[in-house]
Structure formats: C-alpha cells, structure tokens
Amino acid sequence: MTDKATEVTAGLRATGPVIEQGTDVVALLRASGHDPFATAGATGTALPITHATTICAIRYADGVVMAGDRRATAGNVIAHRAMEKIFPADRHSGVAIAGAAGAAMELVKLFQLQLEHYEKLEGIPLSFEGKANTLAQMVRSNLPAATQLGMVVVPLFAGYDLRRKRGRIFTYDVTGGRYEETDFQAEGSGGRDARTTIKLGWREGLPRTDAIELAIQALFEAADEDSATGGPDPIRGIYPMMATITADGFQELPDVEVAERFDALIERKRRESNGNGARPAAAAPRRAPRKGGEPA
C-alpha cells in the first residue's frame with residue numbers, strides 16, 4: 001500500500017468503518033453499531049425491519065378465500081396500520097405475505113411480472129403447479145437475506161386450478177420448500193390461533209358465506225391473542241383485507257362488506273359474553289347516610 005493510500009485509510013478509520021476486501025454485510029453493520037441479530041440486552045442496535053403478520057387461506061366449494069390483517073410491526077412498534085398483504089398473482093391466483101414486509105412486497109412484484117411475462121411469450125397462462133414452483137424458486141433466492149439479515153419471507157399461495165377445477169393452497173418455508181395444503185392454512189405470528197379456529201369450523205363443501213365468516217373469525221381470534229396481528233379498527237375505518245378466487249377470477253371483497261361482517265361478529269361476541277343478549281344490570285347508586293347514621 002502506498003503512503004497516500006495509507007493516509008486515506010487512516011483518515012477513514014478515524015471517521016467510520018471501512019469496507020475492506022472480504023468484509024461481509026453483517027460485519028459492516030456490526031462495525032456501524034447495528035447488529036441484525038441483536039436481542040434485548042445484547043450489544044448493538046437491531047435493525048428496524050418492518051414485518052407483516054397473520055394471513056390465511058381457506059378452500060371452499062367454489063374456490064379459495066384469502067384473508068390477512070392490516071398491521072405491520074417493527075419490534076414492539078406499530079409501523080403501519082393499513083398494510084395490504086393479499087395480492088393477485090394473476091387472474092386465477094393470489095399470494096399473501098408474512099415476514100419482512102419490504103422483501104415480501106418486492107418478491108410479489110417480481111412474481112406478478114414473471115407470470116405476466118410467461119403468458120405473453122407462450123400465449124397461455126402458466127399451469128398452477130408451475131406458478132407454485134416459480135414462487136418457491138423466488139423464496140429460495142431470498143435465503144441469503146433471510147439468514148444474514150433476518151429478512152424472512154413466508155408467502156401463502158392459493159387460487160383456482162382451471163385443470164382440476166378446484167381451489168388449491170400452497171405454503172412455503174424459508175428455504176423455498178413448497179407444500180400443498182389440502183383444506184386450509186394460516187401463517188404469521190398469529191397463524192397458530194387462526195389455524196385452530198379454522199380447524200374447528202371447516203367442513204367439506206363450505207359455501208362462500210360460511211368460508212368468509214370462518215376467515216373473519218380466525219383473524220379476530222388471532223388478533224385477540226397476538227399483539228402483532230391487527231384486529232378491526234372501526235375508529236379509523238380499517239378492516240382486514242379479504243379476497244375470493246374462483247373460476248371467475250380474483251375478486252377482492254369491498255371494505256363495506258368486510259366491515260359489516262366484523263361488526264356482526266363483534267355484536268355476537270358481545271351478546272354471548274353478556275348471556276343471550278341480556279345487558280348486565282347497572283348497580284343501584286349508593287345513597288349517602290342521613291344524619292344519625294340511618295340510610296336515606
């Protein structure tokens with residue numbers, strides 16, 4: 001190294017970290033005081049990665065219903081209250097996201113572009129199996145970011161298979177492994193509570209109305225148990241996002257319909273907690289005693 005280069009390097013070291021040959025991103029972040037793997041009480045500051053949470057998909061008689069809450073968190077902070085987590089992949093399929101929000105949304109955009117590109121080149125849509133495999137490869141390509149920076153992306157892919165004429169659901173792990181779920185699936189921090197709720201209410205041949213009601217109840221129960229899952233927010237007019245995918249295509253439910261169904265669920269829960277709709281009797285006001293100690 002020349003004298004001039006040594007002088008420049010010494011100056012940079014005095015002002016901040018230097019990227020040297022062989023230095024990886026994690027080492028650079030730690031040198032800057034930002035440890036991507038830092039936990040409470042550890043040295044360094046964890047990166048504020050925004051995460052999406054609970055999503056679910058339910059197969060019913062005509063296809064699949066997909067649902068997701070709207071909350072995004074960064075640690076213990078609510079980063080966004082109205083995040084979209086359900087996206088159309090193409091006309092007859094959709095993808096829901098859980099995990100690192102930024103990486104997940106970028107993955108969805110690339111997935112949509114890939115499917116559109118294939119259809120323009122070949123003149124026909126990619127098969128349902130082909131779509132599931134394509135998404136698996138994209139999840140696998142995100143593995144370095146997941147292991148090094150904690151930007152884990154766990155999508156949920158569902159839709160209507162025109163060849164088999166039925167709804168289908170695929171789930172993934174961080175390594176890109178894909179697994180077909182027969183009837184339903186839920187992912188995210190509230191996924192376990194959502195799956196339990198769906199499992200108790202699912203049956204073969206569910207009509208559309210019952211499938212939507214089951215998805216709404218699953219998200220409600222998940223939000224009740226998981227702080228990272230957002231429930232209905234009537235004050236701001238924010239409700240979970242829902243969509244159905246059938247032979248007629250991807251169709252997002254209007255906010256008005258979702259709000260009405262959640263309001264009905266909340267009212268039903270209120271009646272059940274009060275005992276068949278009876279409002280709890282108000283306690284009689286206590287009167288001040290009269291002079292002499294006798295009650296008024």
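Predicted model: local features only at pLDDT ≥ 70, side-chain atom pairs only at ≥ 80, totals over all residues.

Colleague: Okay. How many helices and strands are there in the chain?

Modeller: The chain has 8 helices and 14 strands. It has 296 residues, and 42% of them count as buried.

Colleague: Let's do the sheet. What's the strand order in the open sheet with 5 strands?

Modeller: The order is E12-E2-E3-E13-E14, and the pairing is antiparallel. The edge places go to E12 (184-187) and E14 (249-252); each has a single partner strand, so one side of each has no neighbour in the sheet.

Colleague: And how much are neighbouring strands turned against each other?

Modeller: On average 15°, if you ignore direction.

Colleague: E13 keeps coming up. How many bridges join E3 to E13?

Modeller: There are 6 bridges between E3 (residues 63-68) and E13 (residues 241-246), and the two strands run antiparallel. For example, Val 65 has Thr 244 as its bridge partner in E13, while Val 64 has Ile 245.

Colleague: What about E13 and E14, how many bridges there?

Modeller: 4 bridges join E13 to E14, again with the strands running antiparallel. One of the partners to look for is Glu 252 in E14, which pairs with Ala 243. E13 and E14 also form a hairpin, with 2 residues between them.

Colleague: Is E13 mostly covered or mostly open, then?

Modeller: Mostly covered: 6 of its 6 residues are buried. In a regular strand, side chains alternate between the two faces of the sheet. On one side of E13 you find Met 241, Ala 243 and Ile 245, on the other Met 242, Thr 244 and Thr 246, and all of these are buried.

Colleague: Switching topic: helices. At what angle do H3 and H4 pack?

Modeller: About 140°, with the axes of H3 (residues 101-122) and H4 (residues 128-141) 11 Å apart. That angle makes H3 oblique to H4. The crossing of H3 past H4 is right-handed.

Colleague: Which residues meet there?

Modeller: From H3 you get Leu 107, Leu 110, Phe 111, Gln 114 and Leu 115, and they meet Lys 131, Thr 134, Leu 135, Met 138 and Val 139 of H4. Sorted by class, this contact of H3 with H4 has 7 nonpolar, 2 polar and 1 charged residues.

Colleague: Last one. I clicked on Thr 73, so is Thr 73 buried or exposed?

Modeller: Thr 73 is buried: its relative accessible area is 9%, and buried means under 20%. You'll find Thr 73 in strand E4 (residues 72-74).

Colleague: And what does Thr 73 touch?

Modeller: Leaving out residues up to four places away in sequence, Thr 73 touches Ile 49, Thr 50, His 51, Ile 78, Ala 79 and Ala 228.

Technical notes:
Residues numbered from 1 in each chain as written. Heavy atoms only, no water. Axes fitted to C-alpha atoms, helices over the stretch in contact; angles between N-to-C directions. Parallel < 35°, antiparallel > 145°, perpendicular 65-115°, else oblique. Left-handed = near helix turned anticlockwise from the far one by under 90°. Contact = heavy atoms within 4.5 Å. Nonpolar A, V, L, I, M, F, W, Y, C, P; charged D, E, K, R; others polar. Pairing = 2+ DSSP bridges. Buried < 20%, exposed > 50% of the residue type's maximum accessible area, 1.4 Å probe, protein only.
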